[in-house]
Amino acid sequence: MQIENIVFEFIKIFMAKKVIGIVKLALKAGKATPAPPVGPALGQYGANIVMFCKEYNARTNDQLGLVVPVEITIYEDRSFVFILKTPPASVLLTKAAGIDKGSGSPNLEKVGSISQNQLKQIAVMKMPDLNTNNIMQAMKIISGTAKNMGIQVDN
């Protein structure tokens with residue numbers, strides 16, 4: 001009987017809130033401000049923009065210089081929760097290769113290179129957001145992104 005009461009209370013607390021919106025943004029780590037794109041995206045749901053910016057900046061302070069995507073769930077009472085995703089593969093690859101941007105014509109012009117070890121590190125970092133649990137398959141996915149950017153993967 002005790003367990004049933006605990007389960008009922010859990011459901012009442014966490015399932016009672018109605019979701020009014022889900023917002024996906026890609027922001028620079030530690031540099032979120034109430035200005036666009038954050039302000040308009042959250043403002044239309046009435047969420048506390050300043051509080052989101054403070055929490056986001058605190059949680060991404062260790063990843064400065066990277067773009068960290070975030071998925072914000074906003075509830076009927078205007079409270080919110082957010083989930084941080086891993087940085088895009090293209091951002092991690094450009095940082096690893098030490099370049100500013102990918103090639104405009106990746107088949108003809110190679111703009112940089114990364115080692116197999118760097119490729120594996122990026123694949124391990126991206127594993128939670130990829131649709132595979134196999135590290136070798138994840139490395140192939142990231143390698144394809146690198147090829148499309150004009151970054152060569154050294155053996």
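## Terms and model

Two strands count as paired if DSSP finds at least two bridges between them. Helices (H or I, at least four residues) and strands (E, at least two) are DSSP runs, numbered from the N terminus. The model is predicted: local features need pLDDT of at least 70, side-chain atom pairs count only at pLDDT 80 or more, and totals for chains, interfaces and linings use all residues. Residues are numbered from 1 along each chain as its sequence is written, and side-chain values use heavy atoms, with hydrogens and water left out.

## Strand E2 and its partners

Strand E2 spans residues 67-75. E2 pairs with strand E1 (residues 19-28) in the antiparallel sense, over 9 bridges. E2 is also joined to strand E3 (residues 80-84) by 5 bridges, and these two strands run antiparallel.

Some individual pairs can be followed in the structure. Glu71 has Ile83 of E3 as its bridge partner. Ile72 stands opposite Phe82 in E3, and Ile72 is also the bridge partner of Val23. In a regular strand, side chains alternate between the two faces of the sheet.

E2 and E3 form a hairpin with 4 residues between them. In that turn, Arg78 has a positive phi of about 70 degrees. Of the 9 residues of E2, 7 are buried (under 20% relative accessible area, with a 1.4 Å probe and protein chains only). E2 is therefore largely enclosed by the rest of the structure.

## The loop at Leu64

Leu64 lies in the loop between helix H3 (49-59) and strand E2.

Leu64 touches Ala29 and Gly30 (heavy atoms within 4.5 Å), not counting residues up to four places away in sequence. Lys28 is 36 residues from Leu64 along the chain, and their C-alpha atoms are separated by 7.4 Å.

## Helices H4 and H5

Helix H4 (residues 89-97) and helix H5 (residues 116-126) pack at an angle of about 150 degrees, with their axes 11 Å apart. The axes are lines fitted to C-alpha atoms over the stretch in contact, and angles run from 0 to 180 degrees between N-to-C directions. H4 is therefore roughly antiparallel to H5 (an angle over 145 degrees).

The contact is made by Ala89, Leu92, Leu93 and Ala96 of H4 and by Gln118, Ile122, Met125 and Lys126 of H5.

Technical notes: Parallel < 35°, antiparallel > 145°, perpendicular 65-115°, else oblique. Buried < 20%, exposed > 50% of the residue type's maximum accessible area, 1.4 Å probe, protein only.
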